[in-house]
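The sequence and structure are shown below for reference.

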Amino acid sequence: MRLHYAGAFPEPIGFLLLPRFSMMAFFSAIEPLRIANRIAGERLFTWRVIGLDGASITASNDMTLLADDTLASAPALPSIAICASFEPEERLTRHLLHWLHQRHQGDCVLGGIDTGSLILARAGLLEGQRVTLHWESLPAFRERFPEIDAVESLFEVGPRGFSCAGGTAAMDMTLDLIARRHGDALAADVSEQLIHARMRPRHDHQRHDLTQRLGTHKHSVIEAVALMERHLETPLTLARLAARIGISLRQLQRLFEQELGERPRDHYLRLRLQHARQLLRETDRDILSIGLASGFTSASSFSRAYKQHFGTSPSQARHPHSDDTT
């Protein structure tokens with residue numbers, strides 16, 4: 001899915017599927033290519049499925065796909081998308097890192113779908129690039145790789161790489177590819193075949209805005225939650241929060257209970273704990289530093305709140321087979 005392509009058509013694209021990859025994202029990337037070929041009446045694109053070492057790869061939904069190639073047998077390709085989802089680093093080996101560097105040095109443009117960019121970051125192949133990945137994984141990614149420009153867009157395409165947030169964002173990225181290679185009219189026809197209401201530009205947000213996510217149009221509530229989301233590491237007091245949006249503390253509490261059915265302190269705590277859970281899943285930071293990054297003043301207060309909310313301790317969440325009972 002390189003920005004420019006000067007080779008002969010059909011254009012070959014490789015998809016490296018890591019175990020537990022997102023089937024939704026993979027199919028969203030593939031189907032527009034298939035439909036473009038059908039509408040055009042000729043093969044504009046071909047694709048190859050690459051597995052690490054075996055004949056099949058199991059997705060996060062437990063469905064299995066057969067691979068066309070392994071790392072050892074995959075042919076030279078102009079671009080390869082790394083399709084991942086949950087815990088992509090579990091299969092990150094020295095052999096895979098070496099293979100990615102070989103492809104990069106051989107003028108293959110590498111990209112990430114969903115959490116595929118995490119693999120490329122670990123390989124040190126994202127220098128100077130702007131990337132995106134699924135919004136749940138962005139905070140942890142930014143913590144681990146502060147030198148990489150990671151944004152919450154649907155997809156990013158540059159001369160040296162590409163990335164998308166996964167899900168249907170992969171469809172938007174592929175439609176963008178079709179438009180760049182073969183014109184807007186073909187991309188629009190493909191989009192209609194997919195019942196895809198509009199081709200979203202790369203800079204569209206991944207998530208619904210707060211009005212849709214919260215189910216309220218109350219400006220004070222929306223503004224308060226936006227402030228909460230921006231101040232997870234150093235939480236604002238509720239009194240300070242109310243003052244920032246120009247209402248009283250009593251009004252703030254009443255509005256949350258009326259519009260969201262919960263107290264503002266409970267909503268704020270849930271946001272901080274969800275942030276902590278993502279850091280536990282996707283970073284190797286110690287539990288104390290994760291607690292501090294989520295607005296808790298000690299490991300014990302963080303552990304108590306986490307266990308009360310999720311029913312398991314932070315240690316158990318990171319190591320589910322441990323006997324930790326703290």
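## Contact between α11 and α13

In this predicted model, helix α11 contributes Leu269, Arg270, Leu273, Gln274, Ala276, Arg277 and Leu280 to a contact with α13, where Phe302, Ala305, Tyr306, His309 and Phe310 meet them. By class, the residues of this contact comprise eight nonpolar, two polar and two charged.

Two packed helices are described by the angle between their axes and the distance between the axes. For α11 and α13 (residues 299–310), the angle is about 100° and the axes lie 11 Å apart. Because angles of 65 to 115 degrees count as roughly perpendicular, α11 is described as roughly perpendicular to α13.

## Helix α11

Helix α11 spans residues 264–282, 19 residues in total. From its first C-alpha to its last it reaches 28 Å, close to the expected 27 Å. Buried positions in α11 include Pro264, His267, Tyr268, Leu271 and Arg272. Leu273, Ala276 and Leu280, which take part in the contact with α13, are also among the buried residues.

## The open sheet

Six strands, in the order β2-β1-β5-β6-β10-β9, make up an open sheet with mixed pairing. Strands β2 (45–50) and β9 (155–157) form the edges, each pairing on one side only. From one strand to the next, the twist averages 20°.

Strand β1 (residues 11–17) runs parallel to β2 and is joined to it by six bridges. Within this pair of strands, Glu11 stands opposite Phe45 in β2.

## Helix α5 across the sheet

Helix α5 (residues 169–182) lies across β1, β2, β6 (109–113), β9 and β10 (161–164). Its direction is at about 35° to β9.

Methods:
Residues are numbered from 1 along each chain as its sequence is written. This is a predicted model: local features need pLDDT of at least 70, side-chain atom pairs count only at pLDDT 80 or more; totals for chains, interfaces and linings use all residues. Side-chain values use heavy atoms; hydrogens and water are left out. Helices (H or I, at least four residues) and strands (E, at least two) are DSSP runs, numbered from the N terminus. The expected span of a helix is 1.5 Å times one less than its number of residues. Buried means under 20% relative accessible area, exposed over 50%, partly exposed in between (1.4 Å probe, protein chains only). Axes are lines fitted to C-alpha atoms, for helices over the stretch in contact, and angles run from 0 to 180 degrees between N-to-C directions. Angles under 35 degrees count as roughly parallel, over 145 as roughly antiparallel, 65 to 115 as roughly perpendicular and the rest as oblique. Contact means heavy atoms within 4.5 Å. Ala, Val, Leu, Ile, Met, Phe, Trp, Tyr, Cys and Pro count as nonpolar, Asp, Glu, Lys and Arg as charged, and the others, Gly among them, as polar. Two strands pair if DSSP finds at least two bridges between them.
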